[in-house]
Amino acid sequence: MRAVVMNAPGDVSVETIDVPRVAKPGDVVLKLAAACVCGSDLWPYRGLQQVDHQYMGHEYVGTIVEKGDEVSTLEVGDFVVGSFMLSDGTCEICQAGYPSRCVNAGTFTGSQAQYMRVELADGSLVKVPGGEPDDPDKLADYLAASDVLGTGWYAAVAAQAGPGKTIAVVGDGAVGLCAVLAAKALGAEKVIAFSRHEDRAALAREFGADVVIAERGEEGAAKVKELTNGYGAHGVCEAVGTQGSMDQALASVRPGGYVGFVGVSHDQTLDGSDLFRREVHLEGGPAPVRRFLPDLIKRIQTGEIHPGKVFTKRLPLEEAAEAYKAMDERREIKVLLEV
């Protein structure tokens, strides 16, 4: 099969490797329907994380073509969506709603490929009724649910998005845009997006943003306070992972408010004294996507949400290097790889 490998920062190629096979009783092998490049894949691409001949990809939808003897809830032929973090679904942490921190977490092979092996299939994968959709846009919606939609949804839930609430979103990448979609879908009265790129701002508005603010940092936070009678937002979704984005999130939320932070942290620090004075709630980390998948799949099936619109470019798997380059240069928001 063909699979994407990152040999070194900025060096992406497509290689021929063996098709993975079931190795443990709880495994399945998926024939992937589509793949994509994630914003977090750009950290090693830019040399900000170590990488050395690594097979890439953690977002996936596909059809089960082989399963282990202990897989009990899924069958060969099922079309499934899976979380980018694997879980058994039975440990105390999973049962508490945080499967992304499962104490028995499993692994998978890279999903930017034609096939992949997934451990802990029963706890990690959700079957889509009706099988693989013929509509490529619907397929893109399901692919988004595997990570960016589920992650944006977690940010909005952690920010306590709901009726009567004003929610601000820091970050206009795919996750931030999905957080806008999620906040509005969860009933937020007003959703404020930060963006200075018109294509991303336009999609934010399409996803439900009531206001788009171009300013950043303290200036951007001041705009949020202007819109909230000086209080600040009830909740803020932080979807970048830098010091500046976290500072902006904290400056934009009111005392007693909530910050849902899902951007992969890079060199962020929090001043304890400053945090103490702000008196805010913080929740974040790797999103427990598996918790939300059944609900997200239903919303996609009914046409309530269309998160696949974050894919602004589609390329063949063989052109993965161009997909990475286009996202790194911010020419595209997110690139879908046609397998």
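1. Ile 93 lies in helix H2, residues 92-95; helices (H or I, at least four residues) and strands (E, at least two) are DSSP runs, numbered from the N terminus. With a relative accessible area of 34%, Ile 93 is classed as partly exposed, a term for values between buried (under 20% relative accessible area) and exposed (over 50%), with a 1.4 Å probe and protein chains only. The model is a predicted one, in which local features need pLDDT of at least 70 and side-chain atom pairs count only at pLDDT 80 or more, while totals for chains, interfaces and linings use all residues. Residues are numbered from 1 along each chain as its sequence is written, and side-chain values use heavy atoms, leaving out hydrogens and water.

2. Together with Tyr 98 and Val 103, Ile 93 forms a nonpolar surface patch of about 250 Å² accessible area. Such a patch joins nonpolar side chains (Val, Leu, Ile, Met, Phe, Trp, Tyr) within 5 Å, from residues with over 30% relative accessible area and no salt bridge. Accessible areas come from the Shrake-Rupley method with a 1.4 Å probe, and for residues only the protein chains shown count as cover.

3. The whole structure contains 19 salt bridges, each a side-chain nitrogen of Lys or Arg within 4 Å of a carboxyl oxygen of Asp or Glu. Arg 117 and Glu 119 form one of them, at 3.3 Å from N to O, and both residues are buried. This pair belongs to a network of salt bridges that also includes Lys 24 and Asp 27.

4. In another salt bridge, the closest N and O atoms of Asp 210 and Lys 184 are 2.9 Å apart. The pair connects distant parts of the chain, 26 residues apart: Asp 210 sits in the loop between helix H7 (198-207) and strand S11 (211-213), and Lys 184 in helix H6 (residues 174-185). Asp 210 is partly exposed at 44% relative accessibility, and Lys 184 likewise at 27%.

5. Which residues touch the most other members of the largest nonpolar core? They are Leu 149 and Val 310, in a core of 57 residues. H6 supplies the largest share, 9 residues. A nonpolar core is a set of buried Ala, Val, Leu, Ile, Met, Phe, Trp, Tyr and Cys residues joined through side-chain atoms within 4.5 Å. A separate core of 18 residues includes Val 4, Leu 317, Ala 320 and Tyr 324.

Conventions:
Patches are made of residues with over 30% relative accessible area and no salt bridge: like charges are joined within 9 Å, nonpolar side chains (Val, Leu, Ile, Met, Phe, Trp, Tyr) within 5 Å.
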